[in-house]
Amino acid sequence: MSAYSSDLDSGTSWPVGATRRMNQMYRRQRHIYNATRRYYLLGRDRLIAGLQPETGANLLEIGCGTGRNLVLAARRHPKARFFGIDVSTEMLTSAISAISRRGLTDQIRVAHGDGTAFNPERLFGIRSFDHVLISYSLSMIPEWRRVLQAAASHLKPGGRLHVVDFGDQERLPGIARALLRRWLALFDVTPRDDLVRVLLDMAETTGADLKFERPFRGYAQYAVLTLPPEPTTP
């Protein structure tokens, strides 16, 4: 089975501008992405370790990039199935190569998709997921709130949304915080300081449980939103 799903949704209006912009940014960077990002995309491995999927569970990563997280998660949780979407075809090229190289094409599939609006049934033949992961992607997506809504809408009852991204660095020294923000802006990265408020609103609206932390002195923010289970019939 191919790691790449070519069954794209012909009815979707693809974000051509976003794809072009991300491809320009990552056309060369993708070759060194994993080696360089390991030092400052903190909390990704904790997210993977905390998944704890049941046998046969389906997990989706929005903004899967080079496939780094999917490969590690598949190795750690070999009885689950993993899927990924990304708006950058350049990054997907690296992801497909990594998945194939490690012999994981039967466990991982990826597709070109827009995190704000995608149809998993047309992409993968799956209506909903047990887990959705978003790792350091929201800070690069202007319509990031729509990504959260789309992710939650494709979760099964009792499913979990896992998020890790840059925080507001409130416990870092002022000069360090200012320099970090300036450096991130060079890559069109904007920490979502109101992420917790948006997730709290989602939890209140859906009756979900929210666990939220700001580890590494606020450098990162880490959240798990668990939807309520399906009501049992008497």
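**Exercise 1.** In this predicted model, determine in which sense strand 6 and strand 7 pair, and over how many bridges.

*Solution.* Begin with the two segments, which are residues 209-213 for strand 6 and residues 220-226 for strand 7. Their pairing is antiparallel and runs over five bridges.

**Exercise 2.** Classify the aromatic pair of Y136 and F166, and work out which parts of the chain the pair ties together.

*Solution.* The structure holds five aromatic pairs, and one of them is formed by Y136 and F166, with 4.8 Å centre to centre and 80° between the planes. An angle over 60 degrees counts as edge-to-face, and the pair of Y136 and F166 is accordingly edge-to-face. Next, locate the residues: Y136 lies in the loop between strand 4 (129-135) and helix 7 (144-153), whereas F166 belongs to strand 5 (residues 155-166), so the pair ties together parts that are 30 residues apart in sequence. Finally, both Y136 and F166 are buried.

**Exercise 3.** Classify the pair of W183 and F187, and decide whether each residue is buried, partly exposed or exposed.

*Solution.* The ring centres of W183 and F187 are 5.3 Å apart and the planes stand at 70°, so this pair is edge-to-face. For accessibility, buried requires under 20% and exposed over 50%; W183, at 33% relative accessibility, therefore counts as partly exposed, and F187, at 27%, likewise counts as partly exposed.

How values were computed
Residues numbered from 1 in each chain as written. Predicted model: local features only at pLDDT ≥ 70, side-chain atom pairs only at ≥ 80, totals over all residues. Heavy atoms only, no water. Pairing = 2+ DSSP bridges. Helix = DSSP H or I, 4+ residues; strand = E, 2+ residues; numbered from the N terminus. Phe/Tyr/Trp six-rings, centres within 6.5 Å; stacked < 30°, edge-to-face > 60°. Buried < 20%, exposed > 50% of the residue type's maximum accessible area, 1.4 Å probe, protein only.
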